[in-house]
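Here is a brief tour of one protein model.

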Amino acid sequence: MVIIMIRKLKIKFIVLSTISIFLLLLTVVFGMNVLNYNSVVREADNTLSLLSQNKGVFPDFEGNRGDRLPPHMSPELPFESRYFSVLFNDSGEVMWVDTGKIFSVDADSAVEYANSVMEKDSERGFIGEFRYTRTAEGDGVRVTFLDCGRQLNSYYRFLIISIIMALAGFIIVFLVISFFSGKFIRPISESYEKQKRFITDAGHEIKTPLTIINANVDVLEMDMGKNECLEDIRQQAERLTVLTNDLVYLARMEEAENTLQMIEFPVSEVVSETAEPFKTLSATQGKEFICNVQPMLSMRGNYKAIQQLVSILMDNALKYSPSGGTVALDFARQNKNLVLTVSNTTDSVITAENLNHIFDRFYRTDPSRNSETGGHGIGLSVAKAIVTAHGGKISASVKDGNAFQITAVLPVQ
């Protein structure tokens, strides 16, 4: 079970790391290409602005380039650019077509491009590889086009290369993280193993003095007779013995080497027989007990562990239900799972934060009731370990505002 937990932790580490790297690379690639595209558009719009201000052609820079050419533009720009324009009158008729600075577009094609622009609402945009701008000129409208094919091809090449490089980098980082993830997780695994070993070893060491304490109490009672002090010592020693046994059992349940002996057994009978004594206990405490067990159900598992699971859940429900409350147990098959539900009414408020920690060791929703209930806050941790050992899932919820419910889902193997 520890190996499974460490494996899940390792997978989570790899997934979170790769998602972070992926988002980082996605942000970098997206940002670079957006800036690159905006640069292409900005340069094209600057050129088109210069053309539209001079009736669709570049100004004559002969002998006066330093004064009239914008400082951010190359002196070779007028000779490198390929452009054309179409002039419409106020009635939408073509008055002039200039295709002298481009070879790939004839007059008819230029008019067709211009008519497409006139049907649009935008003043600037792209039609194919041509960036256009529409400006008023006298009583008419001039549509000027600039060939951005080379710039767009460069942009697309950069886009493809950046995506390929990002994917290659992502794959390399993923392989590196996967390779070294074991080393990253190892300290956590070793710490958990040491903690588990400490609990097991300490549990065995504590058993001997507890046995001696109980034996000495028996001797003192024979010499002095029963008294309140000796009874308190006995009760506390018994509580500590139960706690130690639970901790050792929980540690063993979480060891991957300790596999439960699984056999096919009539689980309906086991659940019913285990729940039966709680009917009398509920009645003596003035609580209603409702038990619904679907008959003739069987499962492959450890019947002693299932007995302990039912006992833990029922004991927890009785402890934390008020006098006059209701405790209910339901056990039935749902699709391919066996579902055990134990619920009880409660007079305390159980928050979502409580539910998130309900199966943690020594956790209590109401610490002030420790002495009243007499438990150690470890029973539900054992219940979770049992369910997990059977390949199932356990959860806690609050129903109708005042009913605390624990649901264990066990797969039918």
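D232 is partly exposed, because its relative accessible area is 38%, and buried would mean under 20%. This model is predicted. D232 sits in helix α6, which spans residues 228–253.

K8, K12, K384 and K393 make up a positive surface patch. K384 lies in helix α12, residues 379–389. K384 is partly exposed, with a relative accessible area of 41%.

| Residue | Helix | Relative accessible area |
|---|---|---|
| D232 | α6 (residues 228–253) | 38% |
| K384 | α12 (residues 379–389) | 41% |

Which residues of α12 are buried? They are L380, S381, V382, A383, A385, I386 and V387. Just after α12, G391 has a positive phi of about 75°.

Now the interior. In soluble globular proteins, nonpolar side chains tend to be buried together. Here the largest nonpolar core has 38 residues. V267, L313, M314, L329, F331, L340 and I406 touch the most other members. Several elements each supply at least two residues of this core: the helices α7 (267–275), α9 (303–319) and α12, and the strands β9 (326–334), β10 (337–345), β11 (393–399) and β12 (403–411). The largest share is nine residues, and α9 provides it.

Technical notes:
Residues are numbered from 1 along each chain as its sequence is written. This is a predicted model: local features need pLDDT of at least 70, side-chain atom pairs count only at pLDDT 80 or more; totals for chains, interfaces and linings use all residues. Side-chain values use heavy atoms; hydrogens and water are left out. Patches are made of residues with over 30% relative accessible area and no salt bridge: like charges are joined within 9 Å, nonpolar side chains (Val, Leu, Ile, Met, Phe, Trp, Tyr) within 5 Å. Accessible areas come from the Shrake-Rupley method with a 1.4 Å probe; for residues, only the protein chains shown count as cover. A salt bridge is a side-chain nitrogen of Lys or Arg within 4 Å of a carboxyl oxygen of Asp or Glu. Lys and Arg count as positive and Asp and Glu as negative; His and the chain ends are not counted. The place of a charge is taken as NZ of Lys, CZ of Arg, CG of Asp or CD of Glu. Helices (H or I, at least four residues) and strands (E, at least two) are DSSP runs, numbered from the N terminus. Buried means under 20% relative accessible area, exposed over 50%, partly exposed in between (1.4 Å probe, protein chains only). A nonpolar core is a set of buried Ala, Val, Leu, Ile, Met, Phe, Trp, Tyr and Cys residues joined through side-chain atoms within 4.5 Å.
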